[in-house]
Structure formats: structure tokens, C-alpha cells
Amino acid sequence: MEKGKKKISWRDLIYKILIFLGAVSLIVYFLPRDGQFNYQFELNKPWRYGQLIATFDFPIYKDKAVIKSERDSVLEYHFHPYFQKSNTVATENLARFKEDYDKHLKKRLPSAQYFNYIYAKLESIYEQGIMETDQMKSLLDDRVSAIMISKDRLASEKEVTSTYTVKTAYEALFLGDSIKYKTDLLKACDLNNYLEPNLTYEKERTQTAREELLDNLSLTRGAVLSGQKIIDRGELVDQKAYNILESLKFETQKRSDSVSQKHQILVGHILLIAILIGCFMIYLELFKKDYYQHKRSLSLLFLIVIFYCVITSLVENNFFSVYAIPYAMTPLIITVFLDSRTAIVAHTITILICSISVSYPHEFILLQLIAGMVGVYSLRELSQRSQLIKSAVIITLSYIFVFMSLELISESDVTSFNLSMYSYFAVNGIFLLFTYPLLFVLEKTFGFTSNVTLVELSNINNSLLRRLSEVAPGTFQHSMQMANLASEAALHIGANSQLVRTGALYHDIGKSQNPAFFTENQSGGINPHDKLSYEQSAEVVINHIHDGVKLADKYNLPKAVKDFIVTHHGLGKTKYFLISWMNEHPGETPDEAKFTYPGPNPFSKETAILMMADAVEAASRSLPEYTEESISNLVDKLIDTQMEEGYFRECPITFQDIETVKTVFKEKLKIIYHTRISYPELQK
């Protein structure tokens with residue numbers, strides 16, 4: 001029966017505190033620190049939320065297209081790149097031309113007028129300025145009309161078309177006065193040797209001028225004051241409202257970039273996560289306290305919660321959508337290994353925490369909670385792999401229909417539906433199919449036993465059960481009968497019927513080592529106990545527990561099944577041999593340890609049901625007659641005796657549960673041992 005309240009140990013308290021702090025710290029560490037604008041809106045679509053009031057003053061920013069147009073216009077008509085004009089380039093090249101003229105060019109030219117023309121033309125070209133060909137091409141491509149030329153700390157504006165490249169300057173020398181000055185004579189002077197760029201692009205000064213020009217542009221158009229209504233439910237998001245909402249979104253994110261705001265967000269995250277994790281731990285404390293005792297259960301629960309919270313924070317900041325993450329896998333796994341109520345609570349807490357990271361939490365929470373509840377309902381008891389496929393399909397459909405209903409409410413036209421979301425739901429459904437292999441991994445890692453494993457172990461073609469049926473057929477039939485009794489009782493009191501059934505099939509496998517020493521396997525009136533002392537006989541019978549555990553280890557049976565082997569007799573006595581010894585040794589005190597099973601006593605509803613079923617099924621075979629009264633008396637006597645001897649003190653089983661088990665046993669035994677009617681003989 002359920003024990004009274006225990007005193008809180010410091011070790012348990014410290015353990016719970018460490019779990020709490022560890023979970024909160026890990027989750028908060030990965031949460032984004034930027035401010036969230038948790039509203040979804042589109043141009044010319046209705047506002048789906050309640051009335052929105054400004055909580056702080058903020059400017060209304062111009063539309064991106066308007067800003068781009070203004071920037072382009074300013075850059076086209078008012079922006080002038082800066083070039084530095086070199087004085088030495090012109091001086092050196094003119095001096096070299098004069099020197100070459102005196103040396104050899106004078107002989108090629110007919111008169112000094114050619115020299116004066118070329119010299120003046122070179123002076124004019126250098127005064128206008130020569131730049132690199134690539135720079136000229138870039139300016140023309142960018143439609144820059146003028147440049148600023150710096151000389152002696154002064155800058156003057158000049159048309160781009162009035163400057164030269166080396167090529168255009170060379171052409172200008174010949175086109176100046178082609179009638180008076182013959183081109184072939186000018187070409188013979190190799191005038192290109194005296195042309196060199198004297199304009200150097202000033203990158204830093206140009207960039208500074210560009211930034212100053214753009215900084216003078218106003219990015220805002222009006223402002224919204226704190227307390228001013230922005231939009232109300234059902235109102236159309238027109239261009240003006242859209243600009244205001246975009247401005248509010250930008251300002252919200254901008255404010256979160258400050259150090260003080262980040263600290264404020266961090267404190268908010270810690271408080272909120274602590275509250276949610278605290279609520280989860282309060283639920284476990286009130287309704288599932290045994291999970292604290294079985295630390296693997298607690299480890300699984302918090303591992304799943306932390307994993308999904310972390311993965312959501314990582315995915316939300318990247319290109320992938322959180323709607324492709326199979327959140328419904330959480331309740332599926334917890335339902336299989338623990339229970340459906342805890343699955344729903346854990347899933348709810350997980351989704352609430354994850355919603356902090358996502359852009360549109362209201363829609364996210366609605367979709368994920370419904371998918372989780374559908375998942376739990378579709379997988380109340382896993383016994384076949386096909387159930388997981390069915391659950392994945394149902395969950396995917398729930399995503400699709402819920403999201404479709406939201407779009408039908410908010411969208412004015414079916415053609416504007418967000419089709420990419422449906423593809424994410426399809427990916428989500430595919431990921432859900434990996435629940436089955438993941439269950440296997442978790443089962444081996446945490447030592448759980450799923451219903452699928454139990455069903456596989458219940459197959460009587462299993463090598464261990466087949467051997468039991470061959471060498472100890474009586475024990476095998478006893479186990480089969482017990483499995484039916486115990487599983488039916490488990491169903492009526494909310495215990496794990498598949499676990500009880502599997503435990504019943506394996507509880508006596510140790511008898512296969514010495515089958516002849518157990519009455520259900522004896523035939524022909526031969527009883528090997530006749531040649532043994534009562535102590536030896538008790539030892540042989542008790543050893544079927546030890547032998548059963550050895551076989552279970554050899555065949556890798558899960559611990560949940562081995563528990564039935566060691567508890568189905570608990571710390572009981574081999575009463576037949578103990579009483580027989582006492583009858584032969586009146587007045588002497590027996591060594592009860594030699595007649596006592598190793599135990600322990602049952603510690604769960606399932607192991608308690610099996611102990612009751614074992615005693616009732618075995619004793620029912622020895623009834624002299626099968627009547628409703630005899631069966632009822634037998635069941636009441638055996639189970640009441642077990643209660644009086646304290647076998648169920650460590651069990652979370654109630655008096656009402658035990659009465660229900662009794663009723664089920666009586667009804668089942670009446671059906672099993674129902675006397676068939678006699679067929680009449682044909683009278684001649």
C-alpha cells in the first residue's frame with residue numbers, strides 16, 4: 001500500500017535544485033538577446049491582433065523604395081567624386097617635350113609654330129586633367145556628371161566630359177587644328193610619350209563626402225508619440241499603417257541592441273524560464289514524485305525539454321523554419337516511456353519556452369499544442385510500428401488543417417496562402433517517422449522498456465519461452481493463464497497491462513532448469529522431493545528465482561521484466577516445506593532464512609498484480625469443486641493473507657485497486673473453470 005509521507009532529505013532537495021538551475025541556465029544561455037516584435041502583418045491585409053498602442057516615442061521611417069529613390073537622386077545630381085591634380089606631372093612632361101624638341105624633334109617639324117601649338121595644347125590638356133581609363137569608364141557607367149578637382153587645397157567642380165584619358169588626350173592633339181597642322185607630322189613626334197594621368201582618385205575624401213551627403217537626407221516622415229493608437233483589430237494595413245508598423249519593428253529591435261536593454265532581456269528570460277521550469281517541477285512533485293526516485297525518468301524529461309529549446313533558438317536565427325522541427329515527437333516519446341499526462345505537461349512547457357525564440361509565438365503555440373495533443377491521443381499505447389506511421393500522418397494533417405483555418409480567417413484570397421508552410425509541415429511529418437529508431441536508442445541509453453519491446457518479448461515463439469514450453473509445459477501453461485488474469489486486472493486499475501502480461505510469461509523461467517521439482521510439471525506420481533530434506537527442497541524451489549535472473553541476464557531481458565522474476569514471491573516463505581518441517585520438529589525453532597525467498601516485495605502496481613495472480617492461479621488448480629462461492633472465497637483468502645503479511649506496503653496500490661483486482665480474478669476464474677453441460681444420450 002502507499003506509504004506515509006517521508007521527511008524531505010537534504011540530498012533530494014539539493015538534487016532538485018541542481019536540476020532546476022542546470023535546466024534554466026542551459027536554456028537561457030541559448031535564447032536570443034535581441035528584442036522580439038511579435039506581430040505578423042502584410043500590406044493591404046487585416047490586422048489580426050488587438051488594439052496596438054505605442055509604448056514609446058518613435059519616428060516613422062520612409063519606405064525603403066522612397067529612400068532608395070531619394071538616395072539615387074541625390075547621388076546622381078549632387079554627388080561629385082574627388083580627384084587630386086598633380087602639378088609635377090605636367091611640368092615634367094612639358095620640360096621633357098621641350099628638351100626633345102631641341103634635340104631631335106626640331107628636325108622633323110617644318111617650323112617653330114608646330115612646337116608652340118603642341119606645347120600650348122599639352123598645357124591645356126593637363127590643365128583640364130587626365131585620369132586613368134578605368135576610372136573614366138566607371139564614372140560614365142555610374143552616370144556621374146561632374147567631379148571635384150583638388151589643387152593646392154582648393155577644390156573646383158569640373159564636368160567629367162571636359163577631362164581626358166591618355167587616349168582621348170592623344171586624339172585631341174591631332175584634332176585641334178588638322179588643317180593648319182598636318183597630322184602625319186604630329187604623329188611622327190610620338191606625342192603619346194608626353195601624356196600621363198595627373199588626376200588621382202581620392203577614395204577616403206570621396207567616401208566622406210558621399211556619407212555627408214546621404215546623412216543630410218531625412219530617413220523619417222513624422223513621428224508616433226507614446227500612448228498613440230497605431231492600429232486596431234480588423235483594420236486594413238494600408239501603406240501608412242504599414243510604414244508605422246515597420247518603423248515600430250525597427251525601433252524595437254534597435255532598442256534591444258543597447259547593453260542595458262540586453263541585461264534587461266536577460267533578467268526577463270531568467271525569470272520566465274525559472275517560472276516555467278518551476279511549474280513543471282511542481283507538477284512532478286505533486287503528481288509524479290516517483291520520477292525523482294528514478295533519475296533516468298527525470299533525465300529523459302529534462303533532456304527532451306532542453307534539447308528542443310536549444311534547437312529552436314539555433315534554427316530561428318538561421319534559414320530553416322522552426323515548423324519543420326518535429327515538436328510532437330516530445331509527447332510521443334514521453335507517452336511511450338512514461339505516461340500521457342506527463343507528456344502533455346512536458347510538451348506544453350517546452351512549447352511555451354520555445355515560443356520566446358520564434359517570431360510569431362501565438363501562431364506557433366496554437367499549432368504545436370494541438371499537434372502534441374493529437375499525437376498523445378493517436379498513440380495511447382504503442383504496440384506496433386505502424387502506429388507511429390499513423391501518428392505521423394495524423395499530426396501532419398493536424399498542422400495542415402489548423403494552419404489552413406488560420407489563413408482562411410486572415411487571408412482575403414486563397415491564392416495568397418503561404419504554400420511554403422505546408423512544405424515545412426511535410427518535412428515535419430517525415431522527421432516524425434524517425435521516432436521509432438530514436439525510441440530504440442533512448443530505450444538502450446536510459447534503460448526504459450517500450451511496449452513494442454514487451455510485445456516482441458511476448459511472442460511465444462521466442463527462444464526462451466519456447467524452451468520453457470518444451471521442458472516445463474506445466475509451468476508454461478501456468479504462466480499463460482497468469483498472463484491473461486494479470487493483464488485483465490491491470491487494465492481495470494490503470495496499470496500497464498502489456499508489462500504485466502510479459503512479466504507473467506517470464507516470471508517462472510527459472511523453473512526450466514529443474515522442471516521436475518515443481519508439481520505442475522510432474523507426471524506418473526514421481527516426486528524428486530521425496531528423496532530430499534525439507535531444507536534441500538526449499539533451497540531447490542527458491543533457486544528458481546536465482547536461475548530465472550541468470551537466464552534473464554543471459555537473454556538480455558530488460559530490467560522491467562526481471563523485476564517480476566524477483567518479486568512474484570517477494571519475501572514470502574516456502575510454506576509447504578516450512579510447515580512440514582515444523583510438524584516434524586515440534587517445539588523447535590526453524591531457520592526461517594532457509595525457507596524464505598530473496599525478494600524484494602512488489603514495489604509497483606504491476607508487480608503486485610502479478611504476485612496476486614500467481615497465488616490465485618496456482619491455488620485454483622487444487623480446488624475440489626469450482627463454484628462461485630469456492631472461487632470467491634479462495635481469491636479473498638489468498639489476497640487478504642498477502643495484505644496482512646505486508647507484501648504490498650511498498651506499492652502505490654490502493655485498497656480500491658485491490659478490490660477491483662479481486663473482482664476481475666473471480667470473474668475470469670469462473671469463466672475458466674465453468675462446468676460444461678452434459679450432452680443428453682439418444683434414447684432408443
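This is a predicted model: local features need pLDDT of at least 70, side-chain atom pairs count only at pLDDT 80 or more; totals for chains, interfaces and linings use all residues.
User: Which residues make the contact, and what are they by class?

Analyst: From α20 come L465, L468, S469, E470 and V471, while α21 supplies P473, T475, F476 and S479. By class, that gives five nonpolar, three polar and one charged residues.

User: Now to T312 in helix α12 (residues 295-316). How do you know whether T312 is buried or exposed?

Analyst: Buried means under 20% relative accessible area. T312 has 0% relative accessibility, so T312 counts as buried.

User: What is T312 in contact with, leaving aside its neighbours within four places in sequence?

Analyst: The partners are V322, I325, Y327, C354, S357 and V358.

User: Why is the pairing of T312 and Y327 called a polar contact?

Analyst: A polar contact needs a pair of N or O atoms within 3.5 Å, one able to donate a hydrogen and the other to accept it. The side chains of T312 and Y327 are joined at 2.6 Å, so the distance meets that cut-off.

User: Where does the backbone oxygen of Y308 lie relative to the side chain of T312?

Analyst: That oxygen of Y308 is 2.6 Å from a polar atom of the T312 side chain.

Conventions: Residues are numbered from 1 along each chain as its sequence is written. Side-chain values use heavy atoms; hydrogens and water are left out. Contact means heavy atoms within 4.5 Å. Helices (H or I, at least four residues) and strands (E, at least two) are DSSP runs, numbered from the N terminus. Ala, Val, Leu, Ile, Met, Phe, Trp, Tyr, Cys and Pro count as nonpolar, Asp, Glu, Lys and Arg as charged, and the others, Gly among them, as polar. Buried means under 20% relative accessible area, exposed over 50%, partly exposed in between (1.4 Å probe, protein chains only).
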